[in-house]
Amino acid sequence: MTTRRTRPAPRPPEGTPPRAELARQARHVLADAVRIARWAAVERGAVAAPSGPSAAPAQKRAAAALNLTPGQVRAGWDRARLAGLVELHGDTARPGWRLHAWDRDDSAVLRGWVALFDAWSLVHPAPEGVEPSAVAEVVEALPQVLSLLQLSQGPVLVPALLDLLGQRVEELRGERCEVPGAEQAPGTPAAASGSGTDGLPALLDWALEGLAAVGALTLDTGAEGSHATLTPLGNWAVWVKLEQICVAAQSPAGNIEQSAGDMLRGCARLTPGPARAEYRAWLAARTLSSAVTELLAVARGEDALLRGLAFEALRVVGAPAEAEVRATVAEPSLRPYALLWLAEYEGADPDDAQDVLTREESTWLWVDTAAAVADHGETELLVRHLDSAVQGTVPALLDEIRAVGHPRTVQVLVALAAAHPDPALAKAVRRAAFQVHTGGV
């Protein structure tokens, strides 16, 4: 990642609650998901796909143990997966890193809720019989609706939101030089084909209900009609999206005294040269054996960004780290990083080192790197990351991502779909996320 020129950060919306209060609200939204994730962590045989027919026994056990209905178990499980509380490894569910940090780390809680917020269209499936293109248009246009809700700082009547949604959809079609209804058969109503705007009221209702389901807004009916209001969490989330673009990276200070994880976090926004200087200073204050052990312990964690940075720091260590790095080749989550490290250590050009990875290992590494960008980077970095995929085409990449089984696959695809400016490509990525999430093909 590169350091960007400093720009003033946007101010939080007026009346934004303290971070601890926002985290409390996020914990409330995800309370059932956390209960189910913790149950799955104890119930070693928990089924990986509780929405499928083979999951019925696990659903019944969870419902009985937690005093929930099977429907609540399925919904909570989906939320747990999308929020990063559980990860799937084959047919086994394991606790995600956010679950371990849930009670003590407000930042982990809020990141988990934002991941759920980004995946609202998976939490609340679109109405049946609606063209996927119409659904994709509404999802793409919805940020404009959310911006209006935030600027209004209060309730907004649904008809006003519908007007704005219709305008934005028409703008998007104009940008793509589309003629509404051009592909319709003579006499076919626009709403039926999904290419006109007649079907937008139902889709707006779906979108608002989906956002309400994840705790981003509330829906009420007053004397003037139905209206929507952003919750404090929703208001904060819209601001966060802006903050991610505007907040400038700051150089770390005092990294020499920090743990490996905190040191790597402090170096995350530095360019390679200054980052290497920080690594050298940190290493110089420790015995190399203890430093290598500490860096590899961080690499084994759930934060993909720190995993990659740990191996960058190990490159500065060099020969003293060889034996321990070589031993990690047998660990699936570290294998691609270790193979690249060893190839470069043995003299391979960094640009050619990727040749030591199999296609599957390269794809796994691509997803892991995308997870790091999604968690810590900016949207344009995630979009540019597509160019680094070995597959060469997005359809091929999506096919191989589905097969590689990385535990963060759904979250990466949801984040990429939300970030990509090409509506057609975003729709394909969103469809792939839905297929992975539901176990479809």
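**Figure 1. Packing of helix α9 against helix α11 in the predicted model.** Helix α9 (residues 158–175) packs on helix α11 (residues 200–213) at an angle of about 110 degrees, and the two axes are 10 Å apart. Since angles of 65 to 115 degrees are counted in this class, α9 is described as roughly perpendicular to α11. On the α9 side the contact is made by Val158, Leu161, Leu162, Leu165, Gly166 and Val169, which meet Leu200, Pro201, Leu204, Asp205 and Leu208 of α11. Sorted by class, the residues of this contact comprise 9 nonpolar, 1 polar and 1 charged.

**Figure 2. Surroundings of helix α11.** The 14 residues of α11 should span 20 Å at 1.5 Å a residue, and the end C-alpha atoms of α11 are 19 Å apart, which agrees with that expectation. Leu200, Leu203, Leu204, Trp206, Ala207, Leu208, Gly210 and Leu211 are the residues of α11 that are buried, and the elements against which the buried residues of α11 pack are α6, α7 (120–123), α8 (132–152), α9, β4 (217–222) and β5 (225–230). Leu200, Leu204 and Leu208, which are buried in α11, also take part in the contact with α9. Following α11 comes Gly215, which has a positive phi near 85 degrees.

**Figure 3. Helix α2 and its crossing with helix α4.** Helix α2 (residues 31–42) contains 12 residues and reaches 17 Å from its first C-alpha to its last, a value close to the 16 Å expected at 1.5 Å a residue. Within α2 the buried residues are Ala33, Val34, Ile36, Ala37, Trp39 and Ala40. Helix α4 (residues 70–82) packs with α2 at an angle of about 85 degrees, with 8 Å between the axes, and α2 is therefore roughly perpendicular to α4. In this contact Ala33, Ile36, Ala37 and Ala40 of α2 meet Gln72, Val73, Gly76, Trp77, Arg79 and Ala80 of α4. The residues of the contact of α2 with α4 fall into 7 nonpolar, 2 polar and 1 charged.

**Figure 4. Two stacked aromatic pairs, Trp113 with Phe117 and Trp341 with Tyr345.** The count of aromatic pairs in the model comes to 4. The ring centres of Trp113 and Phe117 are 5.4 Å apart and the ring planes lie at 20 degrees, so this pair is stacked. Both residues belong to helix α6 (residues 106–118), where Trp113 and Phe117 are 4 residues apart, about one turn of the helix, and both are buried. Trp341 and Tyr345 form an aromatic pair that is likewise stacked, with 5.3 Å centre to centre and 15 degrees between the planes. These residues lie in helix α18 (residues 335–345), and Trp341 and Tyr345 are also 4 residues apart, about one turn of the helix. Trp341 is buried, with a relative accessible area of 3%, whereas Tyr345, with a relative accessible area of 35%, is partly exposed.

**Figure 5. Helix α13 and the helices that cover it.** Helix α13 (residues 260–267) is mostly covered, in that 6 of its 8 residues are buried. The buried residues of α13 are Ala260, Gly261, Met263, Leu264, Gly266 and Cys267. Among the elements that cover the buried residues of α13 are α14 (272–284), α15 (288–299) and α16 (304–317).

Terms used. Residues are numbered from 1 along each chain as its sequence is written. This is a predicted model: local features need pLDDT of at least 70, side-chain atom pairs count only at pLDDT 80 or more; totals for chains, interfaces and linings use all residues. Side-chain values use heavy atoms; hydrogens and water are left out. Axes are lines fitted to C-alpha atoms, for helices over the stretch in contact, and angles run from 0 to 180 degrees between N-to-C directions. Helices (H or I, at least four residues) and strands (E, at least two) are DSSP runs, numbered from the N terminus. Angles under 35 degrees count as roughly parallel, over 145 as roughly antiparallel, 65 to 115 as roughly perpendicular and the rest as oblique. Contact means heavy atoms within 4.5 Å. Ala, Val, Leu, Ile, Met, Phe, Trp, Tyr, Cys and Pro count as nonpolar, Asp, Glu, Lys and Arg as charged, and the others, Gly among them, as polar. The expected span of a helix is 1.5 Å times one less than its number of residues. Buried means under 20% relative accessible area, exposed over 50%, partly exposed in between (1.4 Å probe, protein chains only). Rings of Phe, Tyr and Trp (its six-membered ring) pair if their centres lie within 6.5 Å; planes under 30 degrees apart count as stacked, over 60 as edge-to-face and the rest as tilted.
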